[in-house]
Amino acid sequence: MRLFSFPALQTNYFWLLQPDDNSANAYIFDPGDAEPVRQQLKQHELTLAGIVVTHHHWDHTDGIDDLLTDFNVPVYGPSSPKIPQITHPLKGGDTLALGPLTLEVLDTPGHTLEHIAYFLPNSEPPRLFSADNIFGAGCGRMFEGSAEQFVNSLQQLCQLPPDTLICCSHEYTIDSIQFALSVEPNNLELRKRQEEEKRKRAQRLPTIPSSLALELATNPFLRTTEVEVIASAEHYSGRRLTSESEVFAAIRHWKDNFGKN
Ligand SMILES: [Zn+2]
């Protein structure tokens, strides 16, 4: 297999998967724009064999119709009236065979209600197409789901092998680390990560994919049982917080307003 990521739109990464080196068939994840997908297909001499979608937001879906005018291919994704192009609806527990590869579908509500993620266990290392759930040192905004749903989704993802590469959809890592340091100013791994990711961005390199192990050590949204995270969340809220969902909701709200005084 080969996996290509490339920047698109303002802050997105799109992921193009060629499951079999001996076949030109390729699958695009979340094409929010068709033109950069066409360019990548051409550059790597691939042909589009299918479209894989995680959730309904425009920056993940706006290129679908345009691509379907050129390629008569299946569209995999969650069942949602907001994504009428889906031909093969998927839900948590399903598997998706792409050539010789099999992806596991995980229900991950929180950012949106229908959001799903795709886990590829049999690659070295494993990959998670997390879209707008886990980001580098952050997570997606809570547009539709509850804090409890989001926490459950993230906990499910945290059970994956630590060497899993987190193939998410946005380059927000530097800003997210700055926020994370407000939550955990004493997290030395986080400080180290800040230096490394800044170095990458200075060279215009992506910070994505990261690994689950790195996220577990540095991402405050996965660390809602850590003493310092709880203390910071309680300080922000001005009250005692008694569950992981409450801690998560507090830091998610804090991040939504971060930098706006
Ligand atoms: Zn989204």
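This report describes a helix pair and a group of paired strands in a predicted model.

**The helix pair**

Two packed helices are described by the angle between their axes and the distance between the axes. Helix α5 spans residues 173-183 and helix α6 spans residues 188-202; their axes come within 10 Å and cross at roughly 160°. Angles over 145 degrees count as roughly antiparallel, and therefore α5 is roughly antiparallel to α6. The crossing of the two helices is left-handed.

On the α5 side, the contact is made by Thr-173, Ile-174, Ile-177, Ala-180 and Leu-181. Their counterparts in α6 are Leu-190, Arg-191, Arg-193, Gln-194, Glu-197, Lys-198 and Arg-201. Sorted by class, this contact of α5 with α6 holds five nonpolar, two polar and five charged residues.

Strand β13 covers residues 165-168. Leu-165 and Cys-167 point to one side of the strand, whereas Ile-166 and Cys-168 point to the other. All four of these residues are buried.

Strand β13 pairs with strand β10 (residues 127-131) and with strand β14 (residues 210-211). The table sets out the two pairings.

| Strand pair | Direction | Bridges |
|---|---|---|
| β10 and β13 | parallel | four |
| β13 and β14 | antiparallel | two |

Ile-166 takes part in both pairings: Ile-166 is the bridge partner of Leu-128, and Ile-166 also stands opposite Ser-210 in β14.

Definitions and conventions
Residues numbered from 1 in each chain as written. Predicted model: local features only at pLDDT ≥ 70, side-chain atom pairs only at ≥ 80, totals over all residues. Heavy atoms only, no water. Axes fitted to C-alpha atoms, helices over the stretch in contact; angles between N-to-C directions. Parallel < 35°, antiparallel > 145°, perpendicular 65-115°, else oblique. Left-handed = near helix turned anticlockwise from the far one by under 90°. Contact = heavy atoms within 4.5 Å. Nonpolar A, V, L, I, M, F, W, Y, C, P; charged D, E, K, R; others polar. Buried < 20%, exposed > 50% of the residue type's maximum accessible area, 1.4 Å probe, protein only. Pairing = 2+ DSSP bridges.
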